[in-house]
Amino acid sequence: NKEIAEKLNVSIEFIEKRTGIKQRHFVDKELIEEMALQATQKLVNKTNVDIQKIDMIIVATTSTYKLMPGISNYIQKRLKIAECICFDILAGCNGYINAIDIAQMYMNSGKVKKAIIVGVDTLSKFTNKSDIGTAIVLGDGAGASLYEVSKGKYYSNIQAIPDDKDILTCNINSKIKMDGLAIYKYAVTETTKNVKQLLMQANEKIDNIKYIIPHQSNLKIIRAIASRLEAKDEQIFTNIDKIGNTFCASIPIVLEEILEKEDLKKGDKMILLGYGGGL
């Protein structure tokens, strides 16, 4: 924050009060595919999974320069997985959630038993460092998760509405543009409605949810969503203060932190909540 505050001629307190972020990380020379690979290798080492039994790799990103072959193919090659389904998806900050849902449908069909899902973004390469609306928020990160066929219950409620006013946009060779106030209004109203619909679909109450893990966009947004859902403070898990907004990487990074704390037991219910680009 000190470095960014000096560059933008604002105070450190201004950044923390507006975003809830105390630090974020920027890549130096690391390539996005190497970040994704490192996160995946860390996952494989932790889980001791037989990599030849991985049926699918999906990479969610918003900041790739690598159009073909995809980052998922790069991971497959480097891990020497003989055969699996590989593709990358572009779905804005919600990409990781979309990837989970796609993997779940493949599992339901019987075509996939084990899937690795990676969220990775190097947003510093697409950030206008003089734009206070994005420079104080965005960071770089990568997270990887292993999903397997299980008897657990799964429900999803994924929706999109047209971004007619270009609230959040970025083209290759350009910088991220974001209307912070419009994003706030969208996130607080639409995502709250979305979660309530999901709970009705699952015939579940908010009090029975162990954790709600929102996309780590902005602490003010997260707190406003929690308030509208009437969720308890201990149900909302955030690490935005030390990670920043890493788009597709934010939720898997939080999941890893929760699992490292060994704070989950079989049967616990979680809501993963993504929202952002494209609305």
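**Stop 1: two oblique helices**

Select helix α3, residues 32-47, and helix α4, residues 71-79, in this predicted model. Their axes cross at roughly 50°, and α3 and α4 are therefore oblique to each other. The axes come within 10 Å, and the crossing of α3 and α4 is right-handed.

Now show the side chains where the two helices touch. On the α3 side, the residues in contact include Ile32, Leu37, Thr40 and Val44. On the α4 side, look for Ile71, Tyr74, Ile75, Arg78 and Leu79. What kinds of residues make up the contact of α3 with α4? They divide into 8 nonpolar, 2 polar and 3 charged.

**Stop 2**

Next, hide the helices and colour the strands.

Strand β1, residues 56-60, pairs with β2 in the parallel sense over 5 bridges. Select alanine 60 and you will see isoleucine 89 of β2 standing opposite.

Step over to β3, which is parallel to β1 and joined to it by 5 bridges. Here valine 59 stands opposite valine 118 in β3.

Keep valine 118 selected and look towards β4. The bridge partner of valine 118 there is alanine 144. In which sense do β3 and β4 run? They are antiparallel, and 9 bridges join them.

Of its 9 residues, 8 are buried, so the strand is largely enclosed by the rest of the structure.

**Stop 3: another helix pair**

Finally, bring the helices back and select α7, residues 180-202, together with α8, residues 219-229. They pack at an angle of about 35°, and their axes are 9 Å apart. The crossing of α7 and α8 is right-handed.

Show the side chains once more. In α7, the residues that meet α8 include Ile183, Tyr184, Ala187 and Val195. Their counterparts in α8 are Lys220, Ile221, Ala224, Ile225, Arg228 and Leu229. How many residues of each kind take part in the contact of α7 with α8? There are 9 nonpolar, 3 polar and 3 charged.

Technical notes. Residues are numbered from 1 along each chain as its sequence is written. This is a predicted model: local features need pLDDT of at least 70, side-chain atom pairs count only at pLDDT 80 or more; totals for chains, interfaces and linings use all residues. Side-chain values use heavy atoms; hydrogens and water are left out. Axes are lines fitted to C-alpha atoms, for helices over the stretch in contact, and angles run from 0 to 180 degrees between N-to-C directions. Helices (H or I, at least four residues) and strands (E, at least two) are DSSP runs, numbered from the N terminus. Angles under 35 degrees count as roughly parallel, over 145 as roughly antiparallel, 65 to 115 as roughly perpendicular and the rest as oblique. A crossing is left-handed if the near helix is turned anticlockwise from the far one by less than a right angle, and right-handed if clockwise. Contact means heavy atoms within 4.5 Å. Ala, Val, Leu, Ile, Met, Phe, Trp, Tyr, Cys and Pro count as nonpolar, Asp, Glu, Lys and Arg as charged, and the others, Gly among them, as polar. Two strands pair if DSSP finds at least two bridges between them. Buried means under 20% relative accessible area, exposed over 50%, partly exposed in between (1.4 Å probe, protein chains only).
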